[in-house]
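Please open the model in your viewer and keep the selection panel at hand. The stops below follow charged side chains and then turn to an annotated span.

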Amino acid sequence: MMFRYTLARSGFGVLAFRRAYVLTRFAHSAPKNEYRPIKKVMVANRGEIAIRVFRACTELGIRTVAVYSEQDTGQMHRQKADEAYLIGKGLPPVAAYLHIPDIIKVAKDNGVDAIHPGYGFLSERAEFAQACSDAGVMFVGPSPETVRKMGDKVEARSLAMNAGVPVVPGTDAPISSLQEAQAFAQTYGFPIIFKAAYGGGGRGMRVVREYEELEENYQRAYSEALTAFGNGALFVEKFIEKPRHIEVQILGDKYGNVIHLYERDCSIQRRHQKVGYENAGTVEFLVDKHGKHYFIEVNSRLQVEHTVTEEITDVDLVHAQLHVCEGRSLPELGLKQDKIRVNGCAIQCRVTTEDPSRGFQPDTGRIEVFRSGEGMGIRLDSASAFQGAVISPHYDSLLVKVIASGKDLNTAASKMSRALAEFRVRGVKTNIPFLQNVLSNHQFLHSTVDTQFIDENQELFNLKPTQNRAQKLLHYLGHVMVNGPTTPIPVKAKPSSTDPVVPPVTMGDPPVGFRDVLLRDGPEGFAKAVRAHKGLLLMDTTFRDAHQSLLATRVRTHDLKKISPFVSHNFSNLFSLENWGGATFDVAMRFLSECPWKRLQELRALIPNVPFQMLLRGANAVGYTNYPDNAVFKFCEVAKENGMDIFRVFDSLNYLPNMVLGMEAAGAAGGVVEAAISYTGDVSDPMRQKYSLEYYVKLADELVKAGTHILSIKDMAGLLKPEASKLLISALRDRFPDVPIHVHTHDTAGAGVAAMLACAEAGADVVDVAVDSMAGMTSQPSMGAMVACTKGTKLDTGIALEKVFDYSEYWEVARGLYAPFDCTATMKSGNADVYENEIPGGQYTNLHFQAHSMGLGNKFKEVKKAYAEANKLLGDLIKVTPSSKIVGDLAQFMVQNNLTRAEVEERADELSFPLSVVEFLQGYVGIPHGGFPEPFRSKVLKSLPRIDGRPGASLPPMDFKSLEEGLRATHGDDITPEDVMSAAMYPKVFQEFKEFTANFGPVDCLSTRLFLDGPKIAEEFEVELERGKILHIKALALGDLNKAGQREVFFELNGQLRSVLVKDTVAMKEMKFHPKAQKSIRGQVGAPMPGKVLEVKVKVGSKVEKGQPLCVLSAMKMETVVNSPMAGTIKAIHVTPDASLEGDDLILEIEE
């Protein structure tokens, strides 16, 4: 039960008078006692009701005694009492509060005058009331006989019928078998309802609508009643459809005086629960749609909803209970019927740790944050709701009862909504979002509701998720403080403690740029404007390829946003800004835990005047595999809607069908299509003719025919020498005089500036650069160098050199924040050997890091040589993602296993090749120029299937509707079209990203040093969640390791103490050790490299053949299939999916 409200009535009505009559008979029959003052009260209960009674006792000057179970040592009710004593030692949690002998003993040993039973537990047990009487202790409630009669629902029904009060058809006595329930159902028909004969609160209550449900529901109701009340007796009633549930509060004294305190409408409740009142009782009725009323029961105890009656009548029911128990009469207390008045309306909400989205399943755990709603018209009756409280699974999930009062329903509802909105409960889930939905429901506010209200209004379960951003960020910071960075760190270096300073930015709107031309004239007009432009245009790669090449793609949106206004105001004449696509898409989610779409949206808002360019891998979109055609089209459409302008479309093999698909997708989205030819070899070397000048011109001809707006040369390894640049660009310019030409290169060999100047002289319209402090080596040529070298010539860029210096200074300092990823930690210069090994710039850096992370740092020269050999093994490929990754995977595989090219060719039919190599040879990437290498391909694939033609052509269309529905089912309704595309491109990465943000919140608002390294103890800092919402945080202390492998991390947040429990992953890992495979023992299969287990393909007892796949490992985005080295039977498996392995960790054992 979570929700109650009471409305003032103009009159009491015959229904209520009849109820009063029922109880009056018991009141008149009660013996008349003398006045006995109460000096000490025990509450034989726990939580909120115990605290409520203690407060009333304190107001009356009565000393209080609490009892508690072993599981309740930390509960607030024992601290609120003057004395507290343990009961039920060694008993189960609920049984402790049902143990009458212990309770009576504590009362007798400690001079207790009276025991208040609260509600639930023993409150309706006549034997408890009798035990109190026998012990000479007053029972705050009716006499044992009245409790017995009212607790026996069958007898209560009989009394009501004798009094002429209508009742719902039901059994005359508790049933003792399923057969009796079946007989009742045959007589009265369905639906029927089971009810516990000796208790309430919704337990032991089940509605049955069909015969097939009868047995199961009988068993469930019996079991619940037995557990909750110690007696599983049930009775059966005809279930009244859609009634209203009305309660009338009754007060009676020992002298025959009985009054009513008006009615409470309890129609909106879960599980058809009933609730009630106190000393004399609450009489409950159902009222059907015709206004006919049926007696349900009398509850001879204080009810959960008594607060509602107190608020509208100004009568303290607990005070009245205690005074009546002492022997005082109602008139003495000023409680006469003609003086009882209703004042307005009150609503009670029970705030519980229940999850409405999971059928109100109780949630347990530690409350990390608790802040309640308060203010005028709000009353709070709390249980144990405080920061640090542990919510156990043993008892009621109530945190606090919130009661709102007002002149009418709408006023009370408004106050309740406001109060609930002020609550902050973190660490456990609550029903607050559901309550807020009820309070805003039009039917609830403007019409009569019945007990089916919740069932018929499923929109109440459309819950608005709580953000919980601050506490999640503390969890993240604590996690980093305990366990280190969440993103893999290639080298042991700390982020700089110095944040970059943004150069001054002119106020007002930025100058007009090329994007204004694009928006005005469209893609074709834009291309014409580029071609007609006098001077050399530059594309700045600092926001993407530069940091991909130098800093492992780790630059965060946080640092890009800070410099964006400066770029917008001072570099408006850039051709474009490359800031998205390629590896940045998945790395944003995978390693930076931020949304790539949000990056695009935020940068677009800050830089409205410069065109954005992204890298689109043709039919691979931004992934490393093939997607259905409609997925590529949809991706481009969503990217364009989010602010992307120019799509640089390429294919890793220059496979035309894949490129044309990407071009068509970009064009259909309304973007500028820039078809990029991936460059390899050397057109100036007559000895290297696989990729000749004729090859490139012919391919360009096909792309222009296909409708590209701009023609691009993508020199991803920096192989274009000045002479080759002149030859290639001159030939293209002569062939296509009206098509803009854009050249991209890397400066790995150090000749990048010379090559780009040569391209410009030969007729290129645009060349790529990076700001000076992010240029050189495996990045692009220097922006400052290009600006200076062309200044005053026909190629003048029009960019102010002093602004380049300011821009560079920002990134020089910012680069220090990414010291753990900086390639200069292991690589001190570029190297002209790139002309031999042809490793692309970004991959050159990644291979360097991977080699170090896998213990091959001293063998990087061998890796580079192996790369060249692997390239030859695969037929001399064009090498750019994903083909470059395939060559790199094979190269590292060769080095790791000490294999030469000849050995690989010889043993190709038995080696466990990286999965990327196998899939390439199958044709999943496309068809390379010149075809696949034979016989190598056939030896590797054996009987594996092959794909002919464009790989994506045979894939069925992606069902985006189904994908979105699945995402909503998993992650909630806040799924966006951008989320759907992220999941379409990278299902597992997106899933992990959503799980991360669910646990740690919006980490993109943290500074880079805090994100990577966490705060130092005693460090104070600010975090801006959004405009106008700033968190002030101070890291206080790091606790010791507890038995659960956790450390408590303490913070001060906005001046308040906060703490979070964090698992120490290192300590937990040290508690267990994984066995290593012994090379000397035949049949032991070890991990060929460090990584994570993705899939285990066999089971213990499985028969395997030599070369059969056993499991799949993943490391640094490279997947490897581990094949069986022998035929035999699986003896033991030592790994499970998601297990992290070191090199040579034992995977499984095979016996012959």
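Begin by selecting Arg 52, Glu 310, Glu 311, Asp 316, Arg 379 and Asp 381, which are linked in a network of salt bridges, a salt bridge being a side-chain nitrogen of Lys or Arg within 4 Å of a carboxyl oxygen of Asp or Glu. Side chains of opposite charge can pair when their charged atoms come close. By this rule the count comes to 55 salt bridges.

Before going further, note that this is a predicted model, in which local features need pLDDT of at least 70 and side-chain atom pairs count only at pLDDT 80 or more, while totals for chains, interfaces and linings use all residues. Residues are numbered from 1 along each chain as its sequence is written, and side-chain values use heavy atoms, with hydrogens and water left out.

Next, select Glu 422 and Arg 418, whose salt bridge has its closest N and O atoms 3.3 Å apart. Both belong to helix α13 (residues 409–422), where they are 4 residues apart and thus separated by about one helical turn; helices (H or I, at least four residues) and strands (E, at least two) are DSSP runs, numbered from the N terminus. Glu 422 counts as partly exposed at 31% relative accessibility, and Arg 418 counts as partly exposed at 30%, where buried means under 20% relative accessible area, exposed over 50%, and partly exposed in between (1.4 Å probe, protein chains only).

Move on to Lys 494 and Asp 1013, whose side chains meet in a salt bridge of 3.0 Å, N to O. Lys 494 lies in the loop between α17 (469–483) and α18 (514–532) and Asp 1013 in helix α40 (residues 1008–1013), so this pair ties together parts that are 519 residues apart in sequence. Lys 494 is exposed, at 59% relative accessibility, whereas Asp 1013 is partly exposed, at 25%.

Then select Asp 1145 and Lys 1076, which form a salt bridge of 2.8 Å, N to O. Asp 1145 sits in the loop between β41 (1140–1141) and β42 (1146–1151) and Lys 1076 in the loop between α41 (1065–1070) and β35 (1084–1086), so the pair ties together parts that are 69 residues apart in sequence. Is Asp 1145 buried or exposed? At 4% relative accessibility, Asp 1145 counts as buried, while Lys 1076, at 40%, counts as partly exposed.

Finally, select residues 536–805, where an unreviewed UniProt entry places the feature "domain: Pyruvate carboxyltransferase"; such annotations may be inferred rather than shown by experiment. The end C-alpha atoms of this span lie 19 Å apart, and the span is 43% helix and 14% strand.
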